[in-house]
Amino acid sequence: MPDQIRVIIVDDIPETRDHLTKLLGFESDMEVVGSAASGPEALELATRLNPDVVLMDINMPDMDGIATTELLSTRAPSTSVIMMSVQGEADYLRRSMLAGAREFLVKPFSSDELTASIRQVNARERHKQSSLAAAPTASPSVAGNRDPGQVVAVFSPKGGVGRTTVAVNMAVAAATELGRKVVLVDGSFQFGDVGVLLNLNPRNKSIADLAPELESGGEPESLDTFVITHSAGIRVLLAPPSPEMAELVTPSAIKKVLEKLRAENDLVVVDCAAAFNETTIAILDTADVILTMLSLEITSIKNMRLFLEVAEQLGYEAGKVRLVLNRADSTLGIRVADVEHSIGRKVDHTIVSDGRSVVYALNRGVPFFLSNKEAQVSQDILRLAASVVGEREEVEVVDERRKTTSRKSLFAWR
Ligand SMILES: Nc1ncnc2c1ncn2[C@@H]1O[C@H](COP(=O)(O)OP(=O)(O)OP(=O)(O)O)[C@@H](O)[C@H]1O
Ligand SMILES: [Mg+2]
């Protein structure tokens, strides 16, 4: 069967290898093509067989799972590694991701968790490969009479740095000042604040009402029923009303939602969670631009450095990740130049601190971009919005001059 996911199992304990092989034997879309008891054996096998997925034990004598993964990512770059560990600590996860692993499973895991992870990483890799090889024609999901919109993720590896503030106001700025059709998605599925900032609290209108249908293969005609039109000129897809409903939004469901919204809008702004989990990675993978927010705090800067390393491992092009320094004029003893020196790259955008405008707007449930457009903080946000959507136009202009067949061909990163 050509579409089977080819898997190699790497674990120094023979019983674990046998057990996993048996488990996967029940799945008709997967085939275990080999197993290895050590890192060097795994490298030899993977280089020869070029599997889709390697299930890698983290703790092995001699060469551990992390070192093996690191070598594997250069020798078999199209192979996705799922790391398995009895330790669930953030440090293990982070080191695995940095080494190039695409998923991290904490033992003991259920067979459902295992197979879902294998399918997810495999689908992600295939999606990446097909986008890289994309022909200069529209993809089927966006075929139709409008050009696909841009997906912009507002992310930060640390909470409380202003993601929601920037996402909401940037969406409003792009709609009201730049005339774009904009939808704002609250991608912080557990503790989303977008509804609070926009004073929205409807029943049965959130991504939780939509995701299960998409996940089970349903294809709603349009997402209009679930998207709320706000008086600020934008449309909004809210997060689930309670944290436990967040798990209804799976990585594949959020991808489908974003692709559908992209087809119906010029700009899709996603306010991401700070957690670096599978759903967030699905959003970041789908995004054209990741506005990564940081503040002038040591912890924020440290986390940013780690995120930039992870972003590189995930294969994001340098231009996809943009750094946005919020409250850039705060006098906390750290200067912008110090930040740039510490993370080894330039900050792309800065936004001033303006507690008065921001908090006043927050308490009234009206975006400050509407109530105080002249304020410096609003102007900074407008510049950010213009740069995000303007970049696309520059590409279009270049494209017209070269008279190529389709402007989509230039979006190699899509
Ligand atoms: N430029 C700014 N000037 C002044 N205050 C700001 C600015 N940006 C954000 N804030 C304030 O900082 C706090 C955090 O902002 P916000 O909720 O947007 O961050 P977040 O990254 O979405 O946080 P969370 O992790 O809670 O989702 C809020 O009280 C907000 O009003
Ligand atoms: Mg937030």
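## Around ligand 1

Helices here are DSSP runs of H or I with at least four residues, numbered from the N terminus. With that in hand, helix 6 gives the most to the shell around ligand 1, supplying three residues. This is a predicted model. Helix 6 spans 163-176, and together with helix 13 (355-364) it is on the list of helices that each supply at least two shell residues.

In total, 16 residues surround ligand 1, and the closest are Gly160, Arg163, Thr164, Thr165 and Asp354. By type, the shell splits into eight polar, four charged and four nonpolar residues.

## Backbone contacts to the ligand

For aspartate 354, a polar backbone atom sits 2.9 Å from a ligand nitrogen atom. On its own, ligand 1 has 630 Å² of accessible area, and the protein covers 77% of that.

## The phenylalanine cluster

Across the whole structure, a search turns up three aromatic pairs. One is phenylalanine 155 with phenylalanine 276, tilted, at 6.0 Å centre to centre and 50° between the planes. Phenylalanine 155 belongs to strand 6 and phenylalanine 276 to a loop, 121 residues apart.

Phenylalanine 155 also pairs with phenylalanine 307: centres 4.8 Å apart and planes at 45°, so this pair is tilted. Phenylalanine 307 is in helix 11, 152 residues away from phenylalanine 155. Phe155, Phe276 and Phe307 form one aromatic cluster.

Which of these are buried? Phenylalanine 155 is, at 0% relative accessibility, and so is phenylalanine 307 at 3%, whereas phenylalanine 276 is partly exposed at 24%.

Methods:
Residues numbered from 1 in each chain as written. Chains lettered and ligands numbered in written order. Predicted model: local features only at pLDDT ≥ 70, side-chain atom pairs only at ≥ 80, totals over all residues. Heavy atoms only, no water. Near = heavy atom within 4 Å. Polar contact = N/O pair within 3.5 Å; in protein donor to acceptor, adjacent residues only side chain to side chain. Areas by Shrake-Rupley, 256 points an atom, 1.4 Å probe, with all protein chains shown as cover. Nonpolar A, V, L, I, M, F, W, Y, C, P; charged D, E, K, R; others polar. Phe/Tyr/Trp six-rings, centres within 6.5 Å; stacked < 30°, edge-to-face > 60°. Buried < 20%, exposed > 50% of the residue type's maximum accessible area, 1.4 Å probe, protein only.
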